[in-house]
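This report describes helix packing, a nonpolar core and a chain-to-chain contact. Please consult the sequence and the structure shown here.

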There are 2 protein chains.
Amino acid sequence: MYELWYWPTIPGRGEFPRLALEAGKIPYRDMAREAGEAGYKALGKDLDADRGDPPFAPPYLVTPDGTTIGQSANILLYLGEEYGLAPPDQSGRLWVHQVQLTIADMVAEAHDTHHPVALGEYYEKQKAEAKRRAEDFRVNRIPKFLKWFERILSERGDWIAGESWSYADLSLFHLIAGLKYAFPRRMAAVGGDYPRLMKLHDAVAALPELQDYLSSDRRIAFSDGIFRHYPELDAA
Amino acid sequence: MYELWYWPTIPGRGEFPRLALEAGKIPYRDMAREAGEAGYKALGKDLDADRGDPPFAPPYLVTPDGTTIGQSANILLYLGEEYGLAPPDQSGRLWVHQVQLTIADMVAEAHDTHHPVALGEYYEKQKAEAKRRAEDFRVNRIPKFLKWFERILSERGDWIAGESWSYADLSLFHLIAGLKYAFPRRMAAVGGDYPRLMKLHDAVAALPELQDYLSSDRRIAFSDGIFRHYPELDAA
């Protein structure tokens, strides 16, 4: 059985491997979630555990043979290879990973809209800077990234690679969901410019293999993680 | 022959695949560099070229069969597999990639010290915010990342994986070189806390297979790229 470790109360970066595990019907335990209120403490303890391949940060996946795999894109690379969640040929495998790494770049930038100057301090201590960073993100970065995703879908068809979803499609769904949560006015204003991307979001949300998960309490609601809704950081 | 595309006057993210190509003795053309003063224009034109797998941003590598591989960590994953610049077994391959992705995270944070709120605007327009971000980076993030790199070297030995260098060791060398350039006072103050890491930096700098490259003008000096030396952003 796989063990997924991530902060128990936010989707965060843990949601990318979690979606792949769920859509791929891969049995796993969500370790810190299972621990309930003690989840944060359990994760901290596990991070400090003596292991040969310590992860820098959650999420990380411990495989049944005890290997620890850190970095969400790296976990997905592994799951993609092992469970056919990406094309098996080298070119398709690298392509899906390239898209995943670009999604990760946008996720990091989305995070920095509310934490532009001090990663470990409260948002309230960097509101003025956050306002500038969020404006740049809304005006310049959202169109730059979404235009690229739209362009590759126009080249590739309904999915990032091949005839069905890959782990990068699942991640793209979560990215769009997060952007809609954090920047509803901006996404309402520009969403129509990216019809293929919005269609992909809806198609992943409707995947039969995800229905059970998405309607369960295993799918954690957005709140104060990477994607946060501060009305003052949003605008059309 | 491989074609590497990256901005021609800064090491930037292009330096990570470039170091692997050079140390691996893999023949390549540095396309925008070759174009001299016209390199920026040539890169812009190539980015707009009609291709099935458009890259989001440089660097990207075009393989002899015409495949475009974007994202520096993804290029390294490919080169690692094709040329033995990473362990061939799955576990070692994923481990080296995990380290590379963590290096990429720190590189992105190093960049944001001088561009914390508006990626496309001049540093001069965000100096106050840069001062806060750089302080957080120096005080909190440098020790957090370097401590982790030091810890994994203490588990693994002289190199990130195995008996010899991998692409992640080359990248770690460049990361440390960049940090020393951008934050000389901070790195002088804390460098002694990370002896294995500093030893790895020196060992890569002394690799016989890199001597020709490092003393050539193909190795671009740090200036106004990702790692920048603004004395006001540095402190012990």
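Which residues have the most contacts inside the largest nonpolar core? They are A:Ala20, A:Tyr167, B:Ala20 and B:Tyr167, in a core of 125 residues. A nonpolar core is a set of buried Ala, Val, Leu, Ile, Met, Phe, Trp, Tyr and Cys residues joined through C-beta atoms within 7 Å; buried residues have 20 or more other C-beta atoms within 10 Å of their own, with C-beta atoms placed from the backbone.

The model is predicted: local features need pLDDT of at least 70 and side-chain atom pairs count only at pLDDT 80 or more, while totals for chains, interfaces and linings use all residues. Residues are numbered from 1 along each chain as its sequence is written, and chains are lettered from A and ligands numbered from 1 in the order in which they are written.

Apart from neighbours within four places in sequence, A:Ala20 is in contact (C-beta atoms, placed from the backbone, within 7 Å) with A:Leu76, A:Leu79, A:Leu85, A:Tyr167 and A:Leu170.

Axes are lines fitted to C-alpha atoms, for helices over the stretch in contact, and angles run from 0 to 180 degrees between N-to-C directions.

| Helix pair | Angle | Axis separation |
|---|---|---|
| α4(A) (72–83) and α5(A) (90–112) | about 155° | 10 Å |
| α5(A) and α6(A) (127–156) | about 165° | 10 Å |

Angles over 145 degrees count as roughly antiparallel, so α4(A) and α5(A) are roughly antiparallel to each other. The crossing of α4(A) and α5(A) is right-handed. In α4(A), A:Ser72, A:Ala73, A:Leu76, A:Leu77 and A:Gly80 meet residues of α5(A) that include A:Arg93, A:Val96 and A:His97.

α5(A) and α6(A) are likewise roughly antiparallel to each other, but α5(A) passes α6(A) in a left-handed crossing. Here A:Val99, A:Met106, A:Glu109, A:Ala110 and A:Asp112 of α5(A) meet A:Arg133, A:Phe137, A:Arg141, A:Phe145 and A:Ile152 of α6(A).

**Contact between the chains**

Chain B contributes 36 residues to the contact and chain A contributes 35 residues. On the side of chain B that touches chain A, the elements giving two or more residues are β4 (68–70), α4 (72–83), α5 (90–112) and α6 (127–156) of chain B. Of these, α6(B) gives the most, with ten residues.

Note on methods:
Helices (H or I, at least four residues) and strands (E, at least two) are DSSP runs, numbered from the N terminus. Angles under 35 degrees count as roughly parallel, over 145 as roughly antiparallel, 65 to 115 as roughly perpendicular and the rest as oblique. A crossing is left-handed if the near helix is turned anticlockwise from the far one by less than a right angle, and right-handed if clockwise. Two residues are in contact if their C-beta atoms, placed from the backbone, lie within 7 Å. A residue is buried if 20 or more other C-beta atoms lie within 10 Å of its own, exposed if 12 or fewer, and partly exposed in between; C-beta atoms are placed from the backbone.
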